[in-house]
Amino acid sequence: MVRITYVEHDGTKHEIEAPEDRSLMEVAVENMVPGIDGDCGGACACATCHVYVEDAWLSKSGEKSEMETSMLEFAEGIEENSRLACQIKTSSALDGIVVRIPESQH
Amino acid sequence: MSQAAVKPEDAGIPDPYSLTLDQIDMGKAELYPAQAHWAYFERLRKEDPVHFCESEEFGPYWSITKFNDIVHVDTHHHQFSSEPQIVIGDAVDFQPPMFIAMDQPKHDVQRKVVTPAVAPMALSEIEPLIRERVGNVLDSLPVGETFNWVDLVSIELTTQMLATLFDFPFEDRRKLTYWSDVAASGPQVGDNSMTEEFRLQELTKCLEAFDELWKERLAEPRKNDFISLMAHHPDMQNMDPMEYLGNLMLLIVGGNDTTRNSMSGGVVALNQNPAEYEKLRADPSLIPNMVSEVIRWQTPLAHMRRNALEDVELGGKTIKKGDKVVMWYVSGNRDDEVIDRPNEFIIDRPRARHHISFGFGIHRCMGNRLAEMQLKILWEEILKRFDKVELVGEPVRVTSNFVMGYSNLPVQLHVK
């Protein structure tokens, strides 16, 4: 199991254990974590699962594809550590990962 | 672009199963006001989901009818170009550039310039204003009389919103409605009520009016309206007049025909499904979920078109380089492999946001959050005031293969 902490914009924490090889978007939606919509169902095509990955985990969360970079360009409040949660897969290397959820998704 | 309500058989529209597959041309605009397209698309999804047609009106084109195939085309923008045109018909000689019909990198540059006007941060600032206006419009409606919901509510509210987004003179706002109708009509979408020449003449007047506003905004400090954002941005301030007009047409139609018809569509859907209306009255907290369901059920824009940049295999067919490809969102939203009981209107549907009306990929609707907010506020304010908005006659739908809209919804209000 992989431990994931989602931190809402107001600081509310959701600590969840999930099996490996699931996306951080799917895990959030299945566990009713507010603030992650995932409208496209994980196709990297809507940018409604925007999260900020804490620095310690950023390099372990993988490289952004060209599509992810393009989709993020149109999201609001983009930072260096912005990612789409649907493009990050749970694995033992990410056990303990912390991601912050923006105030809103566009 | 309107006509009286008709049934498929009365409109002389054949049963889809009486035709051979190659005779099925979803570009025929008369299918839509007669609501005959549902049965046609159902046949295509079952028998020929990636469908080729030699259309007399629109030339040869592919129809993509299933949800996942549409997502595939929409997300492969390097294979499927949005240039030169995103509707089924080709322009004859009037084709102003607009960023919805551009590929990367220019599309991304221009889209980013105007996005801040409709981003969530800006929306939370204008929410109280929208609520106040919705309240005023609803309070001014004639109680005890039959009136056209499209005109007094759907058009009025979307037009007021557009005037705000452009900071357009408020008293002249119905000009925006008119230009939107002109921009979204014409032979390219199967509408023959206006010639290309007439459209150009009317839209030139639109350009003249907006040219004045451009100069005015340029002389003032930058604000968060569409015109000011464009006029002050180095990447857009040197657009030629036709490109300015093209982007205006995009932003006007994008904010008008879409939300307008979802505002009307909700009334139709709830009247056709009284048990859902009952559910809504009993639990107004269902409104945000219902809004997504209305947008799916209505699918205000039926299609978007792409052009293949290379040979692509899809659904066992080979789409050839240069082929025209039409993604039928209105069909994808009824695909039972992705959406459970897709023909039913269910306001508490699980995962209601997973619909295709906004498109997916880099061209996904930019104003989606604004649209949802407007619809949410509208229904919250309706429920505070009225027990029922009752549809008392047949809806009159527009003739278009692009805009899934209404021109007349006769209603009566039942005050609480």
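A cavity, in the sense used here, is a set of grid points, laid over the protein atoms alone, where a 1.4 Å probe fits but cannot get out. Applied to this predicted model, a search of the whole structure with that criterion finds three cavities of 30 Å³ or more. The second largest cavity has a volume of about 100 Å³, and among the 13 residues that line it, those closest to its centre are A:Cys46, A:Phe74, A:His106, B:Arg111 and B:Arg364. By residue class, the lining of this second largest cavity divides into eight nonpolar, three polar and two charged residues.

In chain A, five strands form an open sheet with mixed pairing, and they follow one another in the order β2-β1-β5-β3-β4. The edges of this sheet are taken by β2 (13-18) and β4 (82-84) of chain A, each of which pairs on one side only. Averaged over the sheet and with direction ignored, neighbouring strands are turned by 35 degrees against each other. Within the sheet, strand β3 (residues 50-53) of chain A pairs with strand β5 (residues 97-100) of chain A in the antiparallel sense, over two bridges, and A:Tyr52 has A:Arg100 in β5(A) as its bridge partner. Helix α3 (residues 66-73) of chain A packs on this sheet, where it touches β3 and β4 of chain A, and the direction of the helix makes about 115 degrees with that of β4(A).

Strands of a sheet pair through backbone hydrogen bonds, either parallel or antiparallel. Strand β1 (residues 50-55) of chain B runs antiparallel to strand β2 (residues 59-64) of chain B, to which it is joined by six bridges, and β1(B) and β2(B) form a hairpin with three residues between them. In this pairing, B:Glu54 stands opposite B:Pro60 in β2(B). The strand β2(B) also pairs with strand β8 (residues 324-328) of chain B, in this case in the parallel sense and over three bridges, with B:Val325 in β8(B) as the bridge partner of B:Trp62.

Leaving aside its neighbours within four places in sequence, B:His37 is in contact with B:Met26, B:Leu31, B:Tyr32, B:Val330 and B:Met404.

Methods:
Residues are numbered from 1 along each chain as its sequence is written. Chains are lettered from A and ligands numbered from 1 in the order in which they are written. This is a predicted model: local features need pLDDT of at least 70, side-chain atom pairs count only at pLDDT 80 or more; totals for chains, interfaces and linings use all residues. Side-chain values use heavy atoms; hydrogens and water are left out. Contact means heavy atoms within 4.5 Å. Two strands pair if DSSP finds at least two bridges between them. Helices (H or I, at least four residues) and strands (E, at least two) are DSSP runs, numbered from the N terminus. On a 1 Å grid over the protein atoms alone, a cavity is a set of points where a 1.4 Å probe fits but cannot get out, and a pocket is an open set with protein on both sides within 12 Å along at least five of seven lines; lining residues have an atom within 4 Å of a point. Grid points are joined across faces, edges and corners, and a volume is the space filled by probe spheres set on the points. Ala, Val, Leu, Ile, Met, Phe, Trp, Tyr, Cys and Pro count as nonpolar, Asp, Glu, Lys and Arg as charged, and the others, Gly among them, as polar. Axes are lines fitted to C-alpha atoms, for helices over the stretch in contact, and angles run from 0 to 180 degrees between N-to-C directions.
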